Each structure stands twice: as C-alpha cells, then as structure tokens.
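Here is a friendly note to read with the model open beside you. Take the points in order and look for each one as you go.

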Amino acid sequence: MDESVKADYENMISQFTKFSTTDEAPVEPLTATNGVLSKEDLLRVITNLTLKAKDKLFESGKKFIAKRQEFYGNDEEKYREVVMEQLQFQELLIMTCSAEAIQKHGISNEIFENSIRKYGTDSDIKEALENMSIEAIQGAGDVPEDLSEDKLKEMLLYSCDFITGYITEHPQINPMEVMILKSRESDEVMKRFGYDELQISAAMTKYQIETNPNFGEIRTKLNEVTVKLFGFNPMEMQR
C-alpha cells in the first residue's frame, strides 16, 4: 500500500475505533422518539455523513488511481493488490464516516438503522441514501471544461466495447473479477483518453445520461453489458 494511503488507512481505523467507543458528549445532539429520528434529523445525519465521505473519497481516490495506473498493464499481481486495497479502503471510509456522524449527533447505530427502515420509502430519504453510495459520491465532483457530452459518449462506448471484449476472452468471470474489471475499464479509459473515473462519473451526472435522449444508444449498450456480467437487464427491473 502507498505510504500516504497507508497512513490514511491507519488513521481511519483509529478514528473508527474512537467514534465507535467514545464517551465524549455529542457536538450536535439529536433526539429520537420511540427509538426513531424525525425525517428532517435523519436527512441531517445522512447529509453530514455524505459530505464527510466525499472529501476523503476524492483525496484518497486520486492516490489510488495514480497507483493503479503505475501497475496497470505492467504488474498484474500488484495491480490486483491495489484494486483490493482501494475497495477495502472505501468500505472502511463509509463505516468511519457513519460512526463519526452517529457520534456527532449522539445517537446509536440502532436508532440510525431504525430511522432508515421507517422512512426508507420516502422519496427524499431514498435520494439521500442513493447519494451516500460510493458511485453517487464520485459523481458529485467537478467536470473538466474540455470534457464535452460528445467526448463522454465516445468514452462510454469505448468502455462498453472494452468490457464486452474482456468478457468474451474470460467467459467464466466470478464476482470478484467483475469488481476488478470495473477498475481495469477505468484505467484503460484513462490511459486512452486522459480522464479518470471521478471526472467521468461527474460528467455522467452533469449530462444526465440516465434520462438524456442523446445517450439512448449508450444506455442500451450499458444494459447489454450488465446482462453479460450479471444476467439481468436493469431496464426490465424498472418496469
């Protein structure tokens, strides 16, 4: 693991332990009624958590991208190690930010989970929870001025073709390999076009690829790739 990332990782473990076991008074205490927060307070906790995670994810993400690029196509064993380290780091990041937000507001993990269950079907809460995912946080960054809609379409089509070709060469791909393939695809695109996954995710959000009619072909291609990887069509699930 890169020394700077290793330091961040060890710091997060320390923070997670601290926030999970601390007896310190909460900074912004919230009150639960019958073990559940109000909708407004739950949104406050989720938003706080997401903002914390965003800053740390972008800082660490750039380091991992640089390290992956160093080994991509040069040292398969070390490349796979870096990818797995990044996945573990992201998981710990969300856990640490969750523990920090819970401690800040003086609630328990049980109250947080009960509140999510109660308001889980509320549209505002659903949107906030979706924004808390790694993918959504990655899409909340800045888009380079020269990354146009047409350039994004070109890169996404290239990504689909790359994944399709890889699956054709490796038909017996397991779930772990799928996760590594996601990084391979990102690194291949960066190697060819010069944009990393954080910039591309932000562009996908900016250009609204899920609803923009100009991305109809892209959505079809992405669905075809999903079927090949996971055996289901996401469009059919939305009907």
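1. A word on surface first: accessible areas here come from the Shrake-Rupley method with a 1.4 Å probe. By that method, the accessible surface of the protein chain is about 13500 Å², and carbon and sulfur atoms account for 49% of that area. Please keep in mind that the model is predicted.

2. How many helices and strands does the protein chain have? There are 11 helices and zero strands, so the pattern along the sequence reads α-α-α-α-α-α-α-α-α-α-α.

3. The protein chain has 239 residues, and 41% of them count as buried. Take the contacts between residues at least 6 apart in sequence: 78% of these join residues at least 24 apart.

4. Now find helix α2 (residues 39-71) and helix α3 (residues 76-104), whose axes come within 9 Å and cross at roughly 165°. Because angles over 145 degrees count as roughly antiparallel, α2 is roughly antiparallel to α3. The crossing of α2 past α3 is right-handed. Their contact has 14 nonpolar, five polar and eight charged residues.

5. What angle do the axes of α2 and helix α8 (residues 175-193) make? They cross at roughly 80° and come within 10 Å, which means that α2 is roughly perpendicular to α8. On the α2 side, the contact is made by Ile65, Arg68 and Gln69; α8 brings Ser183, Ser186, Asp187, Met190 and Lys191. By class, the residues of this contact are two nonpolar, three polar and three charged.

Terms used. Residues are numbered from 1 along each chain as its sequence is written. This is a predicted model: local features need pLDDT of at least 70, side-chain atom pairs count only at pLDDT 80 or more; totals for chains, interfaces and linings use all residues. Side-chain values use heavy atoms; hydrogens and water are left out. Helices (H or I, at least four residues) and strands (E, at least two) are DSSP runs, numbered from the N terminus. Buried means under 20% relative accessible area, exposed over 50%, partly exposed in between (1.4 Å probe, protein chains only). Contact means heavy atoms within 4.5 Å. Axes are lines fitted to C-alpha atoms, for helices over the stretch in contact, and angles run from 0 to 180 degrees between N-to-C directions. Angles under 35 degrees count as roughly parallel, over 145 as roughly antiparallel, 65 to 115 as roughly perpendicular and the rest as oblique. A crossing is left-handed if the near helix is turned anticlockwise from the far one by less than a right angle, and right-handed if clockwise. Ala, Val, Leu, Ile, Met, Phe, Trp, Tyr, Cys and Pro count as nonpolar, Asp, Glu, Lys and Arg as charged, and the others, Gly among them, as polar.
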